[in-house]
Amino acid sequence: MDLEFSPLPRGDWVLVTGAMANTLNKYQPVRLIGNPIILPKAGKPSRYQEERHHNRVHNFAYKVFTIKKKRPELTTRIYSQISESVSFSVDHNTSTLTHSRIHKYLHADGKAPCVVFWNGNTDKVLLEKLGTKHVKKYLDITTVHHPNNNNYDLVLQDMGRDKQVISKIPIGHYIKKNGGTLNLLECHTLICGQIHEGVVDCHDPVTDVILTKCIFNYIMKTVKPST
């Protein structure tokens, strides 16, 4: 799963879009589209209202991504996603960015799901703010760097209280990077490199889910995690 969002003042968030996919290859990603959702630090989620939230969302996104993080492409992406999503009304029959649709998809087989993210600490927080319950486990995929040889490990971690590392797989050296964690595309390039159908660019939620699913399947094929 991948959620696209932006921080807001006072610890609030705006959830703009996202995507979900079953780990089985026959299931293609489902894009979460609909009117954005405001997720306050305290209180219940509410729908984005253009006249009420536009300046607050756009101005803060600009300050965070362009000025503070110096990544204006993220600002552009958020603006574009918001512009697309506000065209959907709350009752639009194609809207999937709702708690009920997400819950129904996650529990389609009647069982408590395991939800997998790529660097998904905030994704987990926002999913829980939406009221998602009865999740068996939240799992996070990330990379760690070995400064002595500039190699990387691929890590699958339980996001529960103990933060148990389920598996750690050496994936080698990324020639274009010297330190820090790998981003999703860099990690995927190291372990696969295949151009998958439906991939556009990173920060597109469907693309991120396709790459995350590929990496997760690689982990499952490489090691048998302990439970």
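User: Which residues does His 107 touch, not counting residues up to four places away in sequence?
Analyst: His 107 touches Ala 112, Pro 113, Lys 133 and His 134. Contact means heavy atoms within 4.5 Å. Before we go on: this is a predicted model, in which local features need pLDDT of at least 70 and side-chain atom pairs count only at pLDDT 80 or more, while totals for chains, interfaces and linings use all residues. Residues are numbered from 1 along each chain as its sequence is written, and side-chain values use heavy atoms, with hydrogens and water left out.

User: Where is His 107 found?
Analyst: In the loop between helix H3 (99-106) and strand E6 (114-118). Helices (H or I, at least four residues) and strands (E, at least two) are DSSP runs, numbered from the N terminus.

User: And is His 107 buried or exposed?
Analyst: Buried, because its relative accessibility is 16%. Buried means under 20% relative accessible area, exposed over 50%, and partly exposed in between, with a 1.4 Å probe and protein chains only.

User: What is the strand order in the open sheet?
Analyst: The order is E6-E7-E8-E9, 4 strands with mixed pairing. Two strands pair if DSSP finds at least two bridges between them.

User: Which strands stand at the edges?
Analyst: E6 and E9. Each has a single partner strand, so one side of each is left without a neighbour in the sheet. On average, neighbouring strands of this sheet are turned by 20° against each other, direction ignored.

User: What packs on the sheet?
Analyst: H5 does, touching E6, E7, E8 and E9, and its direction makes about 75° with that of E9. Axes here are lines fitted to C-alpha atoms, for helices over the stretch in contact, and angles run from 0 to 180 degrees between N-to-C directions.

User: How many bridges join E8 to E9?
Analyst: 7 bridges, with E8 (residues 151-158) and E9 (residues 165-173) running antiparallel. Gln 157 stands opposite Val 165 in E9, and the bridge partner of Leu 154 in E9 is Ile 169.

User: What about the hairpin: how many residues are between the strands?
Analyst: There are 6 residues between E8 and E9, and in this hairpin Lys 163 takes a positive phi near 50°.

User: Switching to rings. How many aromatic pairs are there in the whole structure?
Analyst: The search finds 2 aromatic pairs. Rings of Phe, Tyr and Trp (its six-membered ring) pair if their centres lie within 6.5 Å; planes under 30 degrees apart count as stacked, over 60 as edge-to-face and the rest as tilted. Phe 5 and Trp 13 form an edge-to-face pair, 5.4 Å centre to centre with 85° between the planes. Phe 117 and Tyr 138 are stacked, because their planes are at 10°, with the centres 6.1 Å apart.

User: Which strands do Phe 117 and Tyr 138 lie in?
Analyst: Phe 117 lies in E6 and Tyr 138 in E7 (residues 137-146), so the pair ties together parts that are 21 residues apart in sequence. Phe 117 counts as buried at 0% relative accessibility, and Tyr 138 counts as buried at 9%.

User: Last one: what does Gly 198 touch?
Analyst: Leaving out residues up to four places away in sequence, Gly 198 touches Val 206, Thr 207 and Ile 210. Gly 198 is in the loop between helix H5 (184-191) and helix H6 (205-222), and counts as partly exposed at 42% relative accessibility.
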